[in-house]
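This report describes how the parts of one protein chain are arranged.

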Amino acid sequence: MQIHPIISTHPDVRGSVNDSLVRAIEAAYGCAAVCRICADACLAEEMVKELTQCIRLDLDCADVCLATAGLAARRAGSNEALIKRMLDTCVEACADCAVECEKHAEMHEHCRICAEECRRCEGACREAASSITLSRH
């Protein structure tokens, strides 16, 4: 991905890029794709009824990841407090999805891969959230 190079050219950033935020943006975009693919793979399984919660959490996680990445990537007049809350929400959505996918990981490889991707995104978003210091007025 070209997230770091494009953000570094932004007039409001002026080369001062929060690397952990860039990693979280990349992880969130990747996690969204993996979660959508896992949900689709779950729908193709014969035991789809038993995967209903997994599908639901895959789709929830994908939506939260996309929203988080989109907000975090938008630097013009960025709202750091909102970005931090979205990163925290992304951590929660990824953790919930990972726990559910881990329940099915031994039987379904797509769930194992998805759980790993969710854990990776969870860590990246947690690190990025901790890198944002909010100024108090």
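## Helices α3 and α4

Helix α3 passes α4 in a left-handed crossing; left-handed means that the near helix is turned anticlockwise from the far one by less than a right angle, and right-handed that it is turned clockwise. Helices here are DSSP runs of H or I with at least four residues, strands are runs of E with at least two, and both are numbered from the N terminus. The model is predicted, with local features needing pLDDT of at least 70 and side-chain atom pairs counting only at pLDDT 80 or more, while totals for chains, interfaces and linings use all residues. Residues are numbered from 1 along each chain as its sequence is written, and side-chain values use heavy atoms, with hydrogens and water left out.

Two packed helices are described by the angle between their axes and the distance between the axes. The axes are lines fitted to C-alpha atoms, for helices over the stretch in contact, and the angles run from 0 to 180 degrees between N-to-C directions. For α3 and α4 the packing angle is about 155°, and the axes are 9 Å apart. That makes α3 roughly antiparallel to α4 (angles over 145 degrees count as roughly antiparallel, under 35 as roughly parallel, 65 to 115 as roughly perpendicular and the rest as oblique). The contact of α3 with α4 has 17 nonpolar, four polar and three charged residues. In these classes Ala, Val, Leu, Ile, Met, Phe, Trp, Tyr, Cys and Pro are nonpolar, Asp, Glu, Lys and Arg are charged, and the others, Gly among them, are polar.

## Helix α2 and its partners

Helix α2 packs against α5 at an angle of about 155°, with the axes 8 Å apart. That makes α2 roughly antiparallel to α5. The crossing of α2 and α5 is left-handed, and the residues of their contact divide into 18 nonpolar, four polar and four charged.

The axes of α2 and α3 come within 8 Å and cross at roughly 155°. Helices α2 and α3 are therefore roughly antiparallel to each other. Here too there is a left-handed crossing, of α2 past α3, and the contact of α2 with α3 has 21 nonpolar, one polar and three charged residues.

## Residues along α2

Ser20 is in helix α2. Why does Ser20 count as buried? Its relative accessibility is 7%, and buried means under 20% relative accessible area, exposed over 50% and partly exposed in between, for a 1.4 Å probe and protein chains only. Ser20 touches Ala124, Glu127, Ala128 and Ser131, not counting residues up to four places away in sequence; contact means heavy atoms within 4.5 Å.

Arg23 is also found in helix α2 and is partly exposed, with a relative accessible area of 41%. Leaving aside neighbours within four places in sequence, Arg23 is in contact with Ala124 and Glu127. The C-alpha atoms of Arg23 and Ala128 are separated by 7.9 Å, although the two residues are 105 residues apart along the chain. Val34 has its place in α2 as well, a helix of residues 19–44. Apart from residues up to four places away in sequence, Val34 touches Ile113, Cys114 and Glu117. Val34 and Ile113 are 79 residues apart in sequence and 8.1 Å apart in space, C-alpha to C-alpha.

## The nonpolar core

A nonpolar core is a set of buried Ala, Val, Leu, Ile, Met, Phe, Trp, Tyr and Cys residues joined through side-chain atoms within 4.5 Å. The largest one has 45 residues, and those with the most contacts inside it are Cys61, Cys65, Leu87, Cys118 and Cys121. Two or more residues come from each of α1 (3–8), α2, α3 (52–73), α4 (80–104) and α5 (109–131). Helix α2 gives the most to this core, with twelve residues.

Cys65 touches Ala28, Cys31, Ala32, Cys90, Cys94 and Cys121, not counting residues up to four places away in sequence. Cys94 lies in helix α4 and is buried, with a relative accessible area of 0%. With the same exclusion of residues up to four places away in sequence, Cys94 touches Cys31, Cys61, Cys65, Cys118, Cys121 and Glu122.

## The loop between α4 and α5

His108 lies in the loop between α4 and α5. At 5% relative accessibility, His108 counts as buried. Beyond residues up to four places away in sequence, His108 touches Glu45, Met47 and Leu51.
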